[in-house]
Amino acid sequence: MSTSKPRITITLEPRQHELLRSISGSTGQSMSAFLVELIETVEPVLERMAATFQRLKQQQDKERERIKT
């Protein structure tokens with residue numbers, strides 16, 4: 001089955017995999033469907049984190065430039 005959605009590959013610790021498998025078995029969702037739903041739930045927090053990290057990187061870049069000169 002082909003999809004146009006971006007994909008990623010992650011490596012989990014055995015306990016993390018077992019937790020996802022347990023949730024998946026209990027909810028009837030695939031592990032990936034559960035993770036997509038989880039990410040959708042925390043998306044506003046992730047967006048704030050991304051913006052904060054971008055601002056921090058910009059500040060670090062400015063500081064590096066200031067030190068160079």
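How many salt bridges does the structure hold? The structure holds four salt bridges, a salt bridge being a side-chain nitrogen of Lys or Arg within 4 Å of a carboxyl oxygen of Asp or Glu.

The model is predicted, with local features requiring pLDDT of at least 70 and side-chain atom pairs counting only at pLDDT 80 or more, whereas totals for chains, interfaces and linings use all residues. Residues are numbered from 1 along each chain as its sequence is written, and side-chain values use heavy atoms, leaving out hydrogens and water.

**View A. Salt bridges of Asp61.** The closest N and O atoms of Lys57 and Asp61 are 3.0 Å apart in a salt bridge. Because Lys57 and Asp61 are four residues apart in helix H2, about one helical turn separates them; helices are DSSP runs (H or I, at least four residues), numbered from the N terminus. Asp61 also meets Arg64 in a salt bridge (3.4 Å, N to O). Lys57 is partly exposed at 48% relative accessible area, as is Asp61 at 32% (buried means under 20%, exposed over 50%, partly exposed in between; 1.4 Å probe, protein chains only).

**View B. The pair Glu65 and Lys68.** A salt bridge joins the side chains of Glu65 and Lys68 (3.5 Å, N to O). These residues lie three apart in helix H2, so about one helical turn separates them. Glu65 is partly exposed at 45%, whereas Lys68 is exposed at 65%.

**View C. Met49 in helix H2.** Met49 lies in helix H2, which spans residues 31-68. With 37% relative accessibility, Met49 counts as partly exposed.

Conventions. Helices (H or I, at least four residues) and strands (E, at least two) are DSSP runs, numbered from the N terminus.
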